[in-house]
Structure formats: C-alpha cells, structure tokens
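Subject: Structure handover

Hello,

Here is the structure for you to look over.

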Amino acid sequence: MAQVNDPDRWWHGGVFYQIYPRSYADSNGDGVGDLGGIIGKLDHLQRLGVSGIWLSPVTCSPNRDWGYDVSDYRDIDPDYGTLADLDELVQEAGQRGIRILMDLVPNHTSDRHAWFVDALRGPDAPYRGYYVWADPKPDGSPPNNWMSNFGGPAWRLDEASGQYYLHNFEAEQPDLDWWNEDVRNAFDDILRFWWDRGVAGFRIDVCNGMIKDEELRDNPPATEDDPIDQQFMGVRSVYNTDRPEAHDILRRWRAVAGTYDPERLLIGETYVDDISVLAQFYGNGRDELHGGFNFVFIHAPLDAEAMRAVVEEVEATRPPGAWPIWTGSNHDVSRLATRWAGGDPAKVKVALVVLLTLRGTPFLYQGDEIGLTDGPIEREDVLDRVGARFWPYYKGRDAERTPMPWSAGAGGGFTEPGVTTWLPMADPSQCNVADQEGDANSVLELCRRTIAARAAHEDLAVGGYRTVPSPEGTWAYRRGESTTVALNMSDAPATFDDVGGTVAVCTDPALEGSVAEGSLSLAAWTAAVVTA
Ligand code: NOJ
C-alpha cells in the first residue's frame with residue numbers, strides 16, 4: 001500500500017482473504033481442494049486486490065477436526081500437496097503482492113502426533129509432560145468439572161496409566177501444557193520453521209485459551225448471565241480458558257516475530273465476548289498480537305445501531321497503535337450472506353461495504369466476494385463431528401465449508417465434472433465467480449471496486465474513524481479527513497446530511513461518479529463511499 005510507509009505495517013491498508021484449502025480448488029480431481037488449486041486461483045485474488053491470505057491448516061492431520069488436529073507441525077498433509085508446493089505458493093503469491101499467513105494450532109495436537117504417542121507410553125515418557133495429565137478423584141471421576149467446548153467432560157481416562165488427560169475440544173485433540181518450557185521452546189522452533197520459509201505470519205487458533213489454570217481449579221457454576229454455551233455446559237469457563245498467562249506467550253512470540261524483516265504477523269482467534277478483553281490481546285499496542293478477530297462484531301446482527309456500537313467501543317478501548325480486524329464469516333460460523341443478509345444480495349453488498357471501509361484490516365472468507373450463502377447440508381452429509389453430535393439443535397460447521405463455485409457447469413470449476421466433492425457443493429449455476437465477472441451489479445465487482453478505492457484513498461486505507469449523525473436505521477462515518485461512508489441499513493429511503501463529494505463506490509453502480517452537494521439520498525439497503 002503506497003500510503004503505509006512503515007514496511008512492518010504493509011497490511012494496514014490491505015485486505016486479507018481466508019482460504020479453507022479443502023474447499024477452494026481441486027487441481028488433481030480427487031474432490032478435495034489443494035495447494036495446486038490455490039496457486040491456480042492467485043490471479044483471481046490479485047484482481048480482487050487482496051494483500052494477504054490466511055490459509056486454514058494445511059499441515060498433517062488425521063482430520064478428526066479437519067486440520068485443527070495437527071499430527072506434524074512441520075509438514076504439509078498429502079491431501080494438499082508437499083512442502084515444495086507451499087514454497088511455490090509463497091513465491092507465486094509474493095510475485096502478485098500477496099503474502100501468506102498460515103494457521104498455528106498451539107492449544108492442542110492430534111492424538112496421533114508423535115509427542116502424544118510417546119506421552120501415552122506412561123508417566124516417565126519423555127513427552128508426557130507436554131500434555132495436561134491429572135489423577136482421578138478418589139471415586140475415579142475426572143480431576144475437575146471442566147467441560148469440552150465440543151460437549152461432555154474435558155477429560156479422558158488413559159486406562160493404561162490410570163490418569164486423565166485434558167482436551168478442551170475433541171478427545172482426539174489433547175491439550176498441550178503451556179506451563180512446560182519445553183512446549184514453549186518447541187513452538188518457537190515451529191514459528192521459525194515457517195517464517196524462515198517466507199511465511200508472513202500466523203492466524204493463531206484458540207489464542208486466548210491455550211494456557212490453563214496451573215492448579216486445575218474447578219469452574220464455578222454458570223449463571224443466566226453467561227454465554228448460552230456455558231449455560232448449556234453448566235459451568236463458566238473461568239479456569240480452562242482466558243487465563244492471564246496467555247499474554248506471556250504472546251509477548252514471547254511477538255519478540256520472535258520482531259527478529260524478522262518485515263516483522264511477522266500474529267493475528268489471534270481471540271474468541272472473547274467483551275471488547276475490552278479483546279483490547280488486552282494487543283498488549284501495549286506493540287508487544288502482543290498485531291490483530292485479534294472480533295467475535296462480538298461477527299455475532300452482532302446486520303443492524304446499524306448494533307454494529308456502530310461495537311465499532312465505537314473498539315475505537316474507545318484499543319491501545320494506542322492497535323489496529324482492528326473485521327470479519328463477517330469464517331469456517332466456523334454461517335457465511336455472512338446467510339447469517340447477516342438472509343441471502344438478500346442488497347444486504348450482502350451493504351455488509352461488504354461495511355467490512356471493507358471500517359478503520360482496520362478486513363478478512364474476507366472465501367466466497368464472501370461473490371455473496372455465497374451456506375451450502376446444502378443434510379444429516380447424512382455431516383462431517384463435522386460437533387454437528388453430528390448435536391444435530392438438529394446445532395448442525396455443525398459443514399454448511400460454511402462447502403466447495404467454492406468458480407463457474408456454472410458440472411464440478412463448478414472447483415473440480416472436474418463427475419467427481420464427488422468431499423462435502424456437497426451448492427448448485428454452482430446459482431452463484432459463481434465467472435458469471436459475476438464484468439457485471440457492475442455483481443457482488444464481485446462491488447468488492448473489487450471497494451478494495452480498489454481503499455488502495456486509492458489514504459483516508460479509507462489508514463484514516464481515522466468518526467461516527468457522523470445520520471437518520472435512524474442508517475450509519476454514517478467519516479474516514480480520515482474527507483471520506484464519508486453512508487450506509488442505509490433500513491427498508492426505507494434515507495437522506496444523509498452534511499455529505500459532500502463524489503460517490504466513489506456505491507452498491508448501486510448507477511450512482512458512482514455522481515456528486516453529493518451537502519446531502520445524499522440513498523434507497524433502502526444501499527451503501528455509498530463519498531470522497532471529497
Ligand atoms: C477454532 C477453529 O477455527 C475451529 O475450526 C476448531 O475446531 C477449534 N478452534 C479447535 O481447534
């Protein structure tokens with residue numbers, strides 16, 4: 001970005017794009033996306049204007065949790081290719097001005113990881129202490145009342161040794177013991193392994209939960225003020241997540257990141273429900289995460305007042321220098337086109353203008369750029385074990401992980417015609433990249449124009465945020481000195497006062513290039529960016 005002169009902040013004016021590799025593009029006709037497929041789509045990402053990619057895990061995994069159960073942190077799973085393919089991706093992306101973030105999974109390994117296989121040999125095994133073990137209570141029950149995020153107790157008995165091990169997710173995802181200095185050293189080496197190869201940084205899984213209470217104290221009972229998942233578990237997760245010591249680990253990693261030029265990025269999955277707690281993960285603004293995902297925003301409704309309140313709180317609580325991250329979809333939540341917009345293209349477009357014009361760096365999830373809705377998942381299609389466990393009350397995460405539709409024909413350009421894809425694909429003739437190319441009214445072209453406007457206008461890239469008055473059901477903000485974003489998020493027309501300049505981007509392309517002289521009228525569910 002021309003407007004960001006500090007090479008360590010190359011990403012501030014940019015846009016990231018999350019790829020769920022299994023569902024992006026299949027280059028070898030096995031129905032599973034792979035690194036070769038991603039390399040083949042880099043031109044699409046360059047045209048879209050993204051500066052960086054977050055790759056969900058491509059490291060070795062037996063896929064009990066689809067890559068988030070890592071059995072080797074230093075190699076590529078054969079489903080996706082080889083280390084040489086990853087190197088090629090880094091290089092090919094780099095030539096297009098795109099950098100690669102990988103996914104770091106430090107909370108737990110797979111139970112097939114060599115460390116855990118060794119740990120199961122018994123209390124004296126060299127890697128036993130890499131994991132959290134505890135003796136049963138006198139009656140043989142688990143050591144405390146901690147519950148797994150994926151249902152049931154967070155402890156599994158290892159009958160051979162008579163001890164329990166901790167798993168905050170599936171039992172096949174044993175939690176690492178971050179009080180163990182050897183674990184910390186091992187991860188320093190893993191960071192360097194990828195960063196030395198030119199990987200630009202990491203998205204850090206379960207970033208706020210990796211270290212647990214050293215004394216393994218019981219959690220208190222949940223109250224009706226607690227999040228619904230904790231009420232469901234019956235306990236509030238006080239001692240097995242969000243421990244203050246997580247910050248020590250982040251400071252340690254930030255120091256390692258700082259030994260690289262440019263500094264490597266740390267973007268955390270900060271799954272907290274309080275914006276002021278999110279702010280703490282930025283440390284003093286320079287010594288912990290570079291960015292933390294904002295789940296309060298993700299879970300907010302597509303409503304002017306609700307979203308504005310979240311943004312204003314972020315602005316009020318962030319430490320100096322801290323740079324916000326904005327997302328509407330990922331591989332764990334229903335896609336924004338479904339969850340926020342209910343499939344209405346006008347609402348999808350307004351939501352994307354919000355994401356792409358707030359102060360901070362947006363992360364688009366694959367398919368957001370074409371307004372892709374959740375995929376068609378029936379009970380028999382379910383591969384996410386959490387969905388299988390809780391269907392139909394919670395249907396799991398498969399619907400947001402279905403293959404990317406690139407074109408209308410059989411296989412949707414994701415794979416060859418006739419190939420069975422790993423998860424079912426929505427009818428690609430309904431929504432795909434090729435059909436939106438060149439259509440000014442499409443979601444894709446709107447995204448391209450908005451991202452181009454970020455690159456062209458310093459106000460949008462790095463300027464400050466200030467709410468400006470606007471009618472009920474709408475939201476307007478000034479970016480930098482003289483750029484205004486006007487969002488009519490209501491079902492009726494609205495007029496915004498005190499707006500002057502040229503409409504640089506609009507969800508209604510017919511308005512682009514028109515001049516606002518003191519006021520701007522927008523139809524229902526219309527968004528405009530006005531530059532002086
Ligand atoms: C968050 C990841 O995004 C999710 O997919 C995974 O299941 C859990 N962490 C456990 O690793």
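Buried here means under 20% relative accessible area, exposed means over 50%, and partly exposed lies in between (1.4 Å probe, protein chains only). Cys207 is buried, with a relative accessible area of 0%. Cys60 is buried too, at 13%.

This is a predicted model: local features need pLDDT of at least 70, side-chain atom pairs count only at pLDDT 80 or more, and totals for chains, interfaces and linings use all residues. Residues are numbered from 1 along each chain as its sequence is written, and side-chain values use heavy atoms, with hydrogens and water left out.

A search of the whole structure gives 0 disulfides (cysteine sulfur atoms within 2.5 Å).

Now the rings. Rings of Phe, Tyr and Trp (its six-membered ring) pair if their centres lie within 6.5 Å; planes under 30 degrees apart are stacked, over 60 edge-to-face, the rest tilted. The structure holds 32 aromatic pairs. One of them joins Trp133 and Tyr165, edge-to-face, at 5.7 Å centre to centre and 65 degrees between the planes. This pair links distant parts of the chain, 32 residues apart: Trp133 is in strand β6 (residues 133-134), Tyr165 in strand β8 (residues 163-166). Strands are DSSP runs (E, at least two residues), numbered from the N terminus. Trp133 is buried at 13%. Tyr165 is buried at 5%.

Ring pairs also link a cluster: Tyr73, Trp115, Tyr127, Tyr130, Trp178, Phe187 and Trp253.

Last, charges over rings (NZ of Lys or CZ of Arg within 6 Å of the ring centre and within 35 degrees of the ring normal). Arg128 has its charged end over the ring of Trp133, 3.5 Å from the centre. Arg22 lies over the face of Trp422, at 5.1 Å.

Best wishes

Technical notes: Helices (H or I, at least four residues) and strands (E, at least two) are DSSP runs, numbered from the N terminus.
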